[in-house]
Amino acid sequence: MNPREDRLDLLLADADERRPVLDEGLPDDTAQRAPRPRKARDANHWRRTDADRNDLIVQRWAVIAPEGREGDRMLEAIQPLVALREAEQGSPARVYRVPHGMDARRSADFRRDIYWSEEVAEEDRPLYLMMLGDLHHTSVELQHALANDALAGRVHFADGAGETDLAGYAAYAEKVVRYAQRGTPEASPELLFYAAPDGSAATVAGKLRLVGPSLATSMEAHARGKLPAAAVREISAGSVDDLLAGGGGARPSVLLSVSHGLGAPRRGWRREEDAWRRQGALVIAHDEILDAERLRGQAFLPGGMWFYLACLGAGTPAESVYHAWLSQLAQEDRYGGSLRAVLHSLPAPGQRPFVAALPQAALANPAGPLAVIGHVDLAWTYGFSGTKSLSESKKSRIYRPLEVLVRGSRAGIALEALMEFYRGANDELAQSYQREADARAAGRADPTDRADRAHLWMLRNDLRGYVLLGDPAARLPLQQLALRAEAPAPAPAPTEVGCTRPDAPAGGAAPGAPAREAAVLAMIRGDEAPRAIAARARVSLEALWSWVDAYRAGGRERLGR
C-alpha cells in the first residue's frame, strides 16, 4: 500500500490479526480539532555549553530513584554502575529520591525547586540523570520535564506479574560496566536500518521517507570518509529469526527499525498483565512478532544502540496526549471501529502506566543493547514527514541521533539531538497561539493558519513522545573509548548534597607542579585508568581529582599553588 500525502499514518497493529489499526489513516484535517497543549512552551536551560558534553568530570551524572524500600533495592542492584560513573566523574553520584506518580505540576516543581536549587553549585549540578523505576514509580511526566534541562534516561525491569525484577537491574548494570571497562576490539560500529515489510501505508511511508533517505545519506557519507562506521547496511527480514540474525553480529551496531508496535486486541486486553508482557512488541507480519519472550536469550545488538520506532515501543503512559482528540473523533462515528480499537491500546482511567517489556528484555540481556530510544505513546509518521507536505522527507530529525551514536557520543546526547527538533516545533506552536491572542486583543482578524497549527500540533506531540531507556551516559564500547580498568575505584557513599574531596597525598612528598600537570593531562586525555595515574603520581585518587578541578578552574597557574 502506498502512503497518501493527505493522511495521518499510525504505527500501531492490533493483537488479534496483527494488522494496522488505522490502515487507511486519518484525514489530515482531523488534526485541526486537536486541543491546545497544556503547556505551550518548555524552557531549556543548557549549562556549560563550552564544555564537552561527553565529559563526566565536567557534566556529572546522578540517579533519580523512587522513595521507599523498593527504591532502596533498585539503588543497591545498580551499585556497580554507580561506582563506575563515580570513578569517571571523580565525585559521589548525587541521588534524588522522588514520590511515586508525580504529575506534570509536581514534576515542574521538582525541576524548579530541587534540580535547579540555588544551594547546588553549578559545577555540581548533574547533566546526566538516570531514572530508576516503572512509569508509576518515577513518572514519564518527570522524565519529560527534566529532558528540557538535562539528559535523562530510565531503566526498569519487571517480571511477568509486573513486580520489580532486581536481577534485571543487576544484569543491566553489569553489562554497562563490563563494556565500559573492557570495550571491544572494534574501532567503529555498523549502522543498520530495518523497515518491517508488511506493506502497510505507515511502514511504506517509513521506508520511503526515513529508512531509504537515511540509508542513502549514510552510505554516501561513509564512502566519502565522513561517517566513522565500519559498514552501513539494510536488514532484509521477513521473520523474527531473520531480524535477530541481521542484528546479532559481535561488532557494536546502531539500529533504526520502523514497524508497527503491537496494540491491544480489538476488544481490549483481558488482563493488565497481558498488556505489560506484549504491548509495544515489534510486528513484522501476522505470525512474526518480536516480543520480550522471543528476545530473551538471543544475541541482538550486543553492546549496541537501538532506535525503535513503533507505537508504544518504549511504554504506555498514564494518559495519551491524543486521547481527548481521538475520543472526539470516535464519537463522530465517521471512521468505523478503527479509532475505538486505537483507544483500547491507551490506558483507561486508573490503569497503571508501564515501560514496554521488549526494551526491558533487550536491556537486561547480557548480549543486548546498552540503550533504546523509543516512543511512550502513539507514534505517527509525522516525526519524519514535512508539515507543509506529509510526503516530504524530514529524515534528519531521526538520522541525526543515529549519527551522534555512531560517532561514539553518549546516548543522552543522541536523544537531545532529537529534542532540539521538538523544541523548535514547540516554539512555533506557541508563537501561533500568541499571534492569535495578540490579534484578538487588538481587535484584528486571526492571522494564523489553522491547518499549519494542526500539523505543528501533531509534529510537536510525535517528537515529544520519544524517550531514552537505559543509562544516558552509555556509549558504544569502541576500542578508543574503553576505560581499560579492572574495576572502578571505591567512591564515597552517594549523597544529595555532595562532598568535598580531600587533597592529601597518599604518602611521601607532594609532587611538584610539572608532575601534577602531567598527571592531570593524562586524566583529561584518558590515557589510562584514574587509579593507575594516581598510583604513578603517588597520591590518592581524591587528590588527583582535586588537581583536575584546579586545572580546569585556573589552568597551570592554579594547579601549581
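This is a predicted model: local features need pLDDT of at least 70, side-chain atom pairs count only at pLDDT 80 or more; totals for chains, interfaces and linings use all residues.
Trainee: Where do I start? How many helices and strands does the protein have?

Mentor: Start with the overall tally. The secondary structure comes to 19 helices and 18 strands. Then look at burial. Of the 561 residues of the protein, 58% count as buried.

Trainee: And contacts along the chain? What share of them comes from residues 24 or more positions apart?

Mentor: Count the contacts with a separation of 6 or more. Residues 24 or more positions apart account for 79% of them.

Trainee: Now strands. How do I read strand pairing?

Mentor: Strands of a sheet pair through backbone hydrogen bonds, either parallel or antiparallel. Take β10, residues 253-258. With strand β8 (residues 190-195), β10 pairs in the parallel sense over six bridges. Within that pairing, Phe193 stands opposite Leu256 of β10. Strand β14 (residues 305-309) also runs parallel to β10, and five bridges join the two. There, Ser257 faces Tyr308 of β14 as its opposite residue.

Trainee: Is β10 buried or exposed?

Mentor: Check each residue against the cut-off. Buried means under 20% relative accessible area. Six of the six residues of β10 are buried, so the strand is largely enclosed by the rest of the structure. Now check the two faces. Ser253, Leu255 and Ser257 lie on one side, Val254, Leu256 and Val258 on the other, and all are buried. Both faces are therefore covered.

Trainee: Which strands form the open sheet with mixed pairing?

Mentor: Four strands do, in the order β2-β11-β12-β13. Look for the edges next. They are β2 (12-13) and β13 (288-290), each of which pairs on one side only. Ala285 has Glu288 in β13 as its bridge partner.

Trainee: On to charges. How many salt bridges does a search of the whole structure find?

Mentor: The search finds 29. Ask of each pair where its two ends sit. Arg85 forms one with Asp471, and the closest N and O atoms are 2.7 Å apart. This pair links distant parts of the chain. Arg85 is in helix α3 (residues 79-89), while Asp471 is in the loop between β18 (466-470) and α17 (513-525). The two residues are 386 residues apart.

Trainee: Are Arg85 and Asp471 buried or exposed?

Mentor: Arg85 is buried, at a relative accessible area of 2%. Asp471 is buried too, at 0%.

Trainee: What about a salt bridge inside one helix?

Mentor: Look at the spacing in sequence. In helix α4 (residues 104-115), Asp109 and Arg105 are four residues apart, so about one helical turn separates them. Their side chains meet in a salt bridge at 3.2 Å, N to O. Asp109 has another partner, Arg112, at 3.0 Å, N to O. Arg112 and Asp109 are three residues apart in α4, again about one helical turn.

Trainee: How exposed are the three residues, Asp109, Arg105 and Arg112?

Mentor: Asp109 is partly exposed, with a relative accessible area of 24%. Arg105 is exposed, at 55%. Arg112 is partly exposed, at 48%.

Trainee: Which residues are linked in a network of salt bridges?

Mentor: Glu436, Arg440, Asp446, Arg450 and Arg453 are linked in this way.

Trainee: How do I read a nonpolar core? Which residues touch the most other members of the largest one?

Mentor: The largest core has 133 residues. Leu132, Trp306, Trp325, Leu326, Leu378 and Trp380 touch the most other members. Helix α15 (residues 411-442) gives the largest share, 11 residues. A second, separate core has 15 residues, among them Ile533, Ala534, Leu541 and Ala543.

Trainee: What is Trp380 in contact with?

Mentor: Set aside its neighbours within four places in sequence. Its contacts then include Leu8, Leu10, Leu22, Tyr322, Trp325 and Met458. Asp9 and Asp462 are also among them.

Trainee: Last one: helix packing. At what angle do α3 and α6 cross?

Mentor: Read distance, angle and residues together. The axes of α3 and helix α6 (residues 166-182) come within 7 Å and cross at roughly 35°. From α3, the contact uses Pro80, Leu81, Leu84 and Arg85. From α6, Tyr172, Ala173, Val176, Val177 and Ala180 take part. By class, the contact has eight nonpolar, no polar and one charged residues.

Conventions. Residues are numbered from 1 along each chain as its sequence is written. Side-chain values use heavy atoms; hydrogens and water are left out. Buried means under 20% relative accessible area, exposed over 50%, partly exposed in between (1.4 Å probe, protein chains only). Two strands pair if DSSP finds at least two bridges between them. A salt bridge is a side-chain nitrogen of Lys or Arg within 4 Å of a carboxyl oxygen of Asp or Glu. A nonpolar core is a set of buried Ala, Val, Leu, Ile, Met, Phe, Trp, Tyr and Cys residues joined through side-chain atoms within 4.5 Å. Contact means heavy atoms within 4.5 Å. Axes are lines fitted to C-alpha atoms, for helices over the stretch in contact, and angles run from 0 to 180 degrees between N-to-C directions. Ala, Val, Leu, Ile, Met, Phe, Trp, Tyr, Cys and Pro count as nonpolar, Asp, Glu, Lys and Arg as charged, and the others, Gly among them, as polar.
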